[in-house]
2 protein chains.
Amino acid sequence: MVANVLEINPERLWESLERSAEIGRFRDVGLRRLALSAEDKEMRDLFVEWAKTAGCKVEVDRLGNIFARRDGSDPTLPPVAIGSHLDTQICGGRYDGILGVLCGLEVVRTLNDRGLQTKRGIEIICWTNEEGARFSPPMMGSMAFARQLPLESVLATTDDDGVTVAQALDEIGYAGAAPIGRTFDCYLELHIEQAPVLDREGCDVGIVVGGYKTRALRLTIKGDTGHAGGTPMAMRRNALVGAGYVIAAVNDIGLTYAADEGRTTTTRIESFPNLPGTYAEQVKLTIDYRHIDPARFEAMSKAVEAAIAESAKKANVEIDVATGWSWGTELFAPECIELLKATAKELGLPYREMRSQAGHDAYAVATMAPTAMIFTPCHEGISHNVNEAIELTRSVPGANLLLNAAVARANR
Amino acid sequence: MVANVLEINPERLWESLERSAEIGRFRDVGLRRLALSAEDKEMRDLFVEWAKTAGCKVEVDRLGNIFARRDGSDPTLPPVAIGSHLDTQICGGRYDGILGVLCGLEVVRTLNDRGLQTKRGIEIICWTNEEGARFSPPMMGSMAFARQLPLESVLATTDDDGVTVAQALDEIGYAGAAPIGRTFDCYLELHIEQAPVLDREGCDVGIVVGGYKTRALRLTIKGDTGHAGGTPMAMRRNALVGAGYVIAAVNDIGLTYAADEGRTTTTRIESFPNLPGTYAEQVKLTIDYRHIDPARFEAMSKAVEAAIAESAKKANVEIDVATGWSWGTELFAPECIELLKATAKELGLPYREMRSQAGHDAYAVATMAPTAMIFTPCHEGISHNVNEAIELTRSVPGANLLLNAAVARANR
């Protein structure tokens, strides 16, 4: 490490991570800390306590997004924002999201240790419901903040029990008064990679220049009920059979594109009436596909569309297709990417440029402020799984990059 | 019609059917009268009222099976039993089950009209939960009655809300005191065909000599959760992909065997965690296949087993297979089949011999008493669908066959 650069406190970061991993513990080593649940409230309360102890002013907006600000010397300047999320998947890991928030906190704590004041403030953000596990779509808090989703429709979104986001926010006391929309000098987000590239290459720092082109489709497959025994095969309109053909074909497409890192996924399925003696009249199915190369992505799109049409024909059903979410490849600001690269070089940190395969809050924030991301390695790329694992020594370089880049920008 | 034979009252039968179709009305023309629901209770109460008005003694056993008996002249002789069921599927029709019960009632009413006493009694039976829509497996009441399922495990079976059969019976007041197990001289069941053979052939009477060989498999597909974006295709163990390959392959097998009336069906699917950003670690899937020819059935079995193994391999998951239910082809008693054939000839009724593609309570009862079934046509074979339809004129011949065969046997 070069003499005049700052370093975070690795033990303190790890201790905070370990403490956070006690909240929503699931299957011994993992977490179930769904957005706006009692566990999420407990984690939010702990974060707010930590932020206040570190001297931050804390505000919460109508969506429950939390903003913890360490003031700069010039209060008229927009702050440097650093954010991620506290919620997890239903069978989630200990590092997805929270690592980025706690590295933001570590930036503030390190500045406090050194008694350093920056020109611009530093604002740590916890975005509401990044995962989309309880309320869909994912990244709801940052998207509504960035006016990519209407506030009212987000507040009216229900979970599987019919509870709205607005009700859940009220219940945990995180329906705040801060205005939606704030100005940032820039936005930086550190996140575990959730794919195995860094881990396999032995590289500890990914500078994320954009995303994989990604689209999710929500299919409604429409057939008709009938007797599982007596109905001749040719008369059947089993919506579940339509779904089965789609799932199989979409996975085959993913395997075809796997060599250049294409991905297809079928995730959520809901079938009605879903009973043993009657076949299904309606199935809802979510599919998702991603590719780093826009041209290959378009080819995948055509293959997926053709597979849906072919499946509908084979199963004698109708399939309605709606877009669930989609984003492109060119997301992040050259100035922020350059800042990260220059800072990494200054720190003597090896890095690789890369594109994110996962969605992140940074995608929405990038539409309103210059944005970039830092990835740190996770073991074998395992994520959205209780066995998600990181090594502290391989996480610290990314945290130091975040710290020094944020401070450089905040003193600009 | 020959002079010395009996005839039911078609208008009265139709009026009773219409009245029964008011209970649990669903989507205008169909029924949702799930086993042991409030609607089932209302239908049971009405049946009991009708049976008592017709002079029957009514008993209910611990399983809620209802026995309505018109005494014969010799009370030491076992009665002729005529039964079917009052419950429906969740999107069910107006005739599945209830037609057989009301034709049994029509036998009693017709004997009353004529002031005729039979030597043996006539016992009309309503079996609990034939459909298996709320509680699985189907035909639970008759199977436990015939000691094919243990009473205690049936009573402990839960619906999707965790309510047990025992609780549901208590709630509607149909946990009766009559002993499980009674002796019948024979058992006759009339049912709509639920397949299009009679309707297409223009034949009004099917004499059912047995069933299609049938097996249901309950699959548990085991993978692991992972990130829908970042996880490389080769690392994925998406249980829903395993299910998709099984569904597609099993349907393809059904299409291959469709020419000689083979059937494959995939019905119920449950996926966990079933969220958009994470793929599935476990899927439960029910599949069902049937064939009239035992040798062809065995070939289908092998094809299904191979498809399951191949799907597990392609999806990189494990698949556990358990048998849900199964029955064979040789179910019914030659003496009862002969009785029905001889009676049909006597009545001058054209009939065809056939095998049932659907499961029926008669299959369980056949293990304890000589049994046969009569099928009547349903429009295009549409069943387990609100649009299930019959014509009265095409149903009356079967009802008259039931009446005359039952009386012949009861006077034996």
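How are H3(B) and H12(B) oriented to each other? They are oblique, a class left for angles that are not under 35 degrees (roughly parallel), over 145 (roughly antiparallel) or 65 to 115 (roughly perpendicular).

The model is predicted, with local features needing pLDDT of at least 70 and side-chain atom pairs pLDDT 80 or more, while totals for chains, interfaces and linings use all residues. Residues are numbered from 1 along each chain as its sequence is written, and chains are lettered from A and ligands numbered from 1 in the order in which they are written.

**View 1. Packing of H3 and H12 in chain B.** Helix H3 (residues 98–114) and helix H12 (residues 392–410) of chain B pack at about 55°, their axes 10 Å apart. Axes are lines fitted to C-alpha atoms over the stretch in contact, and angles run from 0 to 180 degrees between N-to-C directions. Helices are DSSP runs of H or I, at least four residues, and strands are runs of E, at least two, numbered from the N terminus.

**View 2. Residues between H3(B) and H12(B).** H3(B) contributes Leu99(B), Cys103(B), Glu106(B), Val107(B) and Thr110(B), and H12(B) contributes Ser395(B), Ala399(B), Leu402(B), Leu403(B) and Ala406(B). Contact requires C-beta atoms, placed from the backbone, within 7 Å.

**View 3. The axis relating chains A and B.** A 180° rotation with 0.0 Å of shift along its axis places chain B on chain A, RMSD 0.0 Å, by least squares on C-alpha atoms of residues with pLDDT of at least 70 in both. This is the relation of a two-fold axis. Gly244(B) has the C-alpha nearest the axis in chain B, 2.0 Å from it. Of the contact residues of chain B, 98% recur in chain A.

Definitions and conventions
Contact = placed C-beta atoms within 7 Å.
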